[in-house]
Amino acid sequence: MRKSSINMACSSRGAEGGSFPSLESTEPDEESWTVVGHKGAPGRTHPLYKKVSLINGQVNAWSVAEVKEKLQELGLCKRGIEQVLRKRLKNVLRREALLKDPSPPSDLLRSLDTNPYHLDYLCLLDFEATCEGENPPDYIHEIIEFPVLLLNLKTLEIEAEFREYCKPCLNPILSPFCKTLTGIRQDQVNRAPYFSEVFRRFTVWLESRGLGTTYKFAVVTDCPWDIRECLFPQCVLASVPFPNYATKWIDMRKLFASFYQMKSGNLAKMLEYVGMRFEGREHCGLDDTRNIARVVVQMIKDGCVLKYNRFMPQDVLNDFAKK
């Protein structure tokens, strides 16, 4: 669910920045690796550090046309804006250099592993919720569409989908703004079960696939809103235990900015940056989730390391457990 004029989402839910992304110092990437020691930093004297630095410099010096030509030569995707293309090429050339070295440094070797938690699946979700044209400060968003996609990390294919509508209890009549924004009709939520039943069905869906037992998985969202401002308050409202798997998750937007070293913008912008267009209806939860999956798959192919980057505050969880 995207941010609009209402306060429906996290502060970064809408587009961030102008028509072209600017560099953002989120965290250092391989270009900032130290080749020789300096005061306050360990020395890195292995010749591979210098080789990686030279690769980065070479790719930076090439024109966009030359970068695309090299990507084509390597059989890689040529879609995307300049920063994305350069990052993609640097990563594959760095990988080649590391694999050819008989004794690469351990930290560089670890950087090849895009799945350090040894996850089997990603559960991607993007809720739609009740909303008004302008929400009061104490407005509680209730989930009305609960879509989840199961991404197999070995095949990078969508293996299963879960989708249910939920009947809201605080605001059972959807506002005209909400219906226009999400495309969800009043009769769809009227016929739907309440959140507690939908969540029970979702839990059965997870368990039937061995998720959390046989297979490891992580939750992926577009930003913090889906968990912090939607799932958690909804569990409190419905007196449903908050699931342990949602206490930490992967915020795709934050990971995108960190990996490509640029402001991510909203989902449509991220798709644009990797050379894609939104498919389906924006603000339809299932379509949003499918497009999130497309971005995540491209990030993994480009060498992005999957890592948890959002966490529920422990004091909040402790307070919830006492109730």
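**Salt bridges in close-up**

The structure holds 15 salt bridges. The model shown is predicted. Side chains of opposite charge can pair when their charged atoms come close.

**Figure 1. Salt bridge between Lys70 and Glu73 within helix H2**. The side chains of Lys70 and Glu73 form a salt bridge with an N to O distance of 3.2 Å. Both residues belong to helix H2 (residues 64-73), where Lys70 and Glu73 are three residues apart, about one turn of the helix. Lys70 is partly exposed, its relative accessible area being 21%. Glu73, at 57% relative accessibility, is exposed.

**Figure 2. Salt bridge between Glu161 and Arg290**. An N to O distance of 3.1 Å separates the paired side chains of Glu161 and Arg290. This pair links distant parts of the chain, with Glu161 in strand E4 (residues 157-165) and Arg290 in helix H11 (residues 285-301), 129 residues apart. Glu161 is partly exposed at 38% relative accessibility, and Arg290 is partly exposed with a relative accessible area of 35%.

**Figure 3. Salt bridge between Glu164 and Arg201**. The side chains of Glu164 and Arg201 meet at 3.3 Å, N to O. Because Glu164 lies in strand E4 and Arg201 in helix H7 (residues 195-208), the pair ties together parts that are 37 residues apart in sequence. Glu164 has a relative accessible area of 19% and is therefore buried, the cut-off being under 20%. Arg201 is partly exposed, with a relative accessible area of 33%.

**Figure 4. Network of salt bridges that includes Glu164 and Arg201**. Salt bridges link Glu164, Glu197, Arg200 and Arg201 in a network.

Notes: Residues numbered from 1 in each chain as written. Predicted model: local features only at pLDDT ≥ 70, side-chain atom pairs only at ≥ 80, totals over all residues. Heavy atoms only, no water. Salt bridge = Lys/Arg side-chain N within 4 Å of Asp/Glu carboxyl O. Helix = DSSP H or I, 4+ residues; strand = E, 2+ residues; numbered from the N terminus. Buried < 20%, exposed > 50% of the residue type's maximum accessible area, 1.4 Å probe, protein only.
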